Amino acid sequence: MTNTFFTLLKNAEVFAPDKLGRKDLLIAGDKIVAIGSQLEAPADYSCQIIDVDGYVAVPGFIDNHVHLIGGGGEGGYATRTPEVQLGDIIRAGVTTVVGCLGTDGTTRHMTALLAKARGLEAEGVTTYIYTGSYEVPTNTITRNVRDDIIIIDKVIGCGEIAISDHRSAQPTKEDIAKLAAECRTGGMLSGKAGILQLHVGDGKNKLSMLFDIMNEGEIPITQFLPTHISRNQALLDDGVRFAALGGTIDITAGGVKRPGKETGLRPSDAVLYCLEKGVPLSRLTMSSDGNGSLPTFNEQGQLVGLEVAQMDALYQDIRELIIGKHLEIKDAIRIITENPAKALKLYPKKGCLQVGGDADIVILDQDMNIAHVLAKGNIMLYEKKQITFGTFEKRNAG
Ligand SMILES: [Zn+2]
């Protein structure tokens with residue numbers, strides 16, 4: 001398997017994410033240039049033809065919250081989590097990733113995150129970053145959040161800023177409103193989303209700060225993207241209220257695997273709960289929190305357990321919605337494609353399969369497992385084997 005300028009995917013069952021039926025997809029360079037029946041390979045050019053009969057084609061996944069240079073360190077230096085490698089991303093079916101710092105804005109730096117994002121882009125996937133870390137005032141590359149969004153290509157918003165969490169800087173609602181204002185004008189002046197992504201902890205205030213800001217100010221609700229929203233039932237109920245007002249809420253994949261901490265809902269159950277409560281599917285996104293630390297604290301706030309979040313949890317939870325919970329493919333897939341693409345203002349270049357859009361495509365086999373992954377027209381994963389590698393990844397990996 002080698003990468004050529006033209007690739008023709010034959011006989012896929014296409015979910016774009018709407019169901020298009022059995023189609024062929026022709027890719028030229030990094031773009032989809034035709035979707036139709038019985039497409040021919042272009043004459044006089046070499047074209048790789050891949051028959052995916054019986055398989056399903058969906059847009060490449062968008063993971064809107066990943067600790068690309070690692071995160072955590074909440075149990076001391078030895079618990080700082082490692083960097084993400086290209087293989088972690090593509091094996092998860094992810095073709096667009098948004099990086100963030102996290103708890104540690106002291107030994108982790110925005111310039112390192114920006115460099116990592118640029119490196120991964122050069123290795124073949126699409127990357128963006130949020131500027132900032134948990135704290136307020138937050139870490140930036142230039143003098144402030146607004147300037148970062150306007151000046152730095154990869155910065156599409158600010159985050160993850162921590163609220164309702166014992167690890168937060170205990171920001172006031174004025175602090176958060178000011179950051180949202182910087183995001184808003186920064187986004188407007190640069191034509192980007194200018195999203196303010198908020199890490200919401202287990203604290204009793206939940207989303208009350210956001211409701212106050214909404215009641216008293218002029219910032220539209222779409223400027224905010226609260227994440228980890230299903231970490232407990234009370235927070236999820238606040239999330240349902242937030243979504244009813246027109247906001248988008250982000251569920252963290254892999255939710256309940258924290259030892260000794262079984263209060264969180266399964267992500268797939270959280271999705272169904274939101275839908276039952278009348279949340280429009282278009283207002284739900286999911287992210288992996290990949291390479292973030294998953295600490296467990298006891299009642300005294302002492303660290304008693306630590307794991308590293310895996311990016312592949314993202315699609316596992318979506319697959320569970322399809323296979324175990326019988327949500328339609330077109331709906332389940334939207335949560336990690338079209339919905340985040342729209343929230344992050346990347347649509348329709350990203351988050352859908354359409355002519356003129358980026359050739360970011362995941363091919364699922366009969367069991368709905370990830371078989372092939374194409375990112376910007378390049379084959380990254382083929383028959384479940386990684387074929388495009390990061391600079392320092394071992395060629396026998398995957
Ligand atoms: Zn977080």
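Colleague: In which loop does P17 lie?

Modeller: This is a predicted model, in which local features need pLDDT of at least 70 and side-chain atom pairs count only at pLDDT 80 or more, while totals for chains, interfaces and linings use all residues. Residues are numbered from 1 along each chain as its sequence is written. A cis peptide bond, with omega about 10°, joins P17 to A16. With helices (H or I, at least four residues) and strands (E, at least two) taken as DSSP runs numbered from the N terminus, P17 lies in the loop between β1 (6–15) and β2 (19–28).

Colleague: What is omega for the peptide bond from Y347 to P348?

Modeller: P348 is found in the loop between α10 (338–343) and β16 (361–364). Most peptide bonds are trans. The bond from Y347 to P348, however, is cis, and its omega is near 5°.

Colleague: Where is Q38 found?

Modeller: Q38 has a positive phi, near 50°, although the residue is not glycine. As for its place in the chain, Q38 is found in the loop between β3 (31–36) and β4 (47–51).

Colleague: What does the twist average from one strand to the next in the open sheet of six strands?

Modeller: That sheet has the order β6-β7-β8-β9-β10-β11 with parallel pairing, where two strands pair if DSSP finds at least two bridges between them. Its edge strands, each pairing on one side only, are β6 (61–66) and β11 (224–227). Angles run from 0 to 180 degrees between N-to-C directions, with axes fitted as lines to C-alpha atoms, for helices over the stretch in contact. From one strand to the next, the twist averages 25°.

Colleague: Which strands does helix α4 touch?

Modeller: Strand β9 (residues 155–163) pairs with strand β10 (residues 195–200) in the parallel sense, over five bridges, and the bridge partner of A162 in β10 is H199. Helix α4 (residues 173–190) packs on the sheet, and its direction makes about 170° with that of β9. Counting residues as in contact if their C-beta atoms, placed from the backbone, lie within 7 Å, the strands touched by α4 are β9, β10 and β11.

Colleague: Which residues of α5 make the contact with α4?

Modeller: α4 and helix α5 (residues 208–216) pack at an angle of about 65°, and their axes are 10 Å apart. On the α4 side, the contact is made by K173, I176, A177 and A180. On the α5 side, the residues are M209, D212 and I213.

Colleague: Are α7 and α8 roughly parallel or oblique to each other?

Modeller: The axes of helix α7 (residues 267–276) and helix α8 (residues 313–323) come within 8 Å and cross at roughly 55°. Angles under 35 degrees count as roughly parallel, over 145 as roughly antiparallel, 65 to 115 as roughly perpendicular and the rest as oblique. Therefore α7 and α8 are, relative to each other, oblique.

Colleague: Which elements give two or more residues to the side of domain 1 that touches domain 2?

Modeller: The protein is divided into domain 1 (6–59 + 351–386) and domain 2 (61–343), with bounds that come from an automatic or database domain assignment. The C-alpha centres of the two domains lie 29 Å apart, and the contact takes 20 residues from domain 1 and 24 residues from domain 2. On the side of domain 1, the elements that give two or more residues are β5 (56–59), β17 (370–375) and β18 (378–382).

How values were computed: Two residues are in contact if their C-beta atoms, placed from the backbone, lie within 7 Å.
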